[in-house]
Amino acid sequence: AYRLRPSEKNCVAQASGYMQFNETEQAVDLLKECAGKYEKPTLSLFALADVLITEKRYSQAAEYLQQLIRLNPSHVIALNNLAWLKRDDDITEALKYAARAYRLAPESAEIADTYADLLVRSGERSKAMIIWGKFESSTENPEILFHYATALVGEGKKERAGTILKRLQELSPNYAERSEVRALINEGRRS
């Protein structure tokens, strides 16, 4: 489709087709071509970073996310994803990107979760707890609930963590069966 009607949108659609058939390198090559061809290739860069994240090629994904952010400094998902990718290598830089994303989308539980998780990693636990607390009753995302419950256990608030874990179990029984969730549930039961 892209070769017949070249456009950035068709490029991303063609790359998506490649991914459906596990033709990752063709998708990567096409998206790189498109990223170099268009003046503001935000769609191509985002899709390319997404493919690279899926393939666990994190440093390459980070490079393309940085290019995307230079073109669109308010791209919330790119900021959030880059923060997540940088969390182990440069917590200060990761926090900078996460804070920007959170300022732009404070009502997004997923954006808030990344920011709160990075705050905990950097020692700013109380600020993280406030952010997670805003979404405690509204989110149905089991991963966010798990992160919050983990932080609560770390704060010694096992009863509150237990309440959140119970909700997690009700919302997503399969997620609740993961070994790290089971371990946290067991730790929460120990007083």
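**Note on loops, a disulfide and a helix**

1. N22 counts as exposed because its relative accessibility is 68%; exposed means over 50% relative accessible area, buried under 20% and partly exposed in between, with a 1.4 Å probe and protein chains only. The model is predicted, so that local features need pLDDT of at least 70 and side-chain atom pairs count only at pLDDT 80 or more, while totals for chains, interfaces and linings use all residues. Residues are numbered from 1 along each chain as its sequence is written, and side-chain values use heavy atoms, with hydrogens and water left out.

2. N22 sits in the loop between α1 (8–20) and α2 (24–37); helices are DSSP runs of H or I with at least four residues, numbered from the N terminus. Although N22 is not a glycine, its phi is positive, at about 55°.

3. K56 also deserves attention. This residue belongs to the loop between α3 (42–54) and α4. Its phi is positive, about 60°, and K56 is not a glycine. With a relative accessible area of 60%, K56 is exposed.

4. The count of disulfides comes to one, a disulfide being a pair of cysteine sulfur atoms within 2.5 Å. The bond joins C11 to C34, with an S to S distance of 2.1 Å. The pair links distant parts of the chain, since C11 lies in helix α1 and C34 in helix α2, 23 residues apart. The torsion about the S-S bond of C11 and C34 is about 115°, so the disulfide is right-handed. C11 is buried, at 0% relative accessible area, and C34 is buried, at 0%.

5. Helix α6 covers residues 91–104, which is 14 residues, and at 1.5 Å a residue it should span 20 Å; the expected span is 1.5 Å times one less than the number of residues. The end C-alpha atoms of α6 are 20 Å apart, which agrees. The buried residues of α6 are E93, A94, L95, Y97, A98, A99, A101 and Y102. They pack against α4 (58–71), α5 (76–86), α7 (109–121) and α8 (125–135).

6. T139 occupies the loop between α8 and α9 (142–154). At a relative accessible area of 7%, T139 is buried. Leaving aside residues up to four places away in sequence, T139 touches A109, I144, L145, R167 and L171, where contact means heavy atoms within 4.5 Å. A polar atom of the T139 side chain lies 3.1 Å from the backbone nitrogen of N141.

Conventions. Helix = DSSP H or I, 4+ residues; strand = E, 2+ residues; numbered from the N terminus. Polar contact = N/O pair within 3.5 Å; in protein donor to acceptor, adjacent residues only side chain to side chain.
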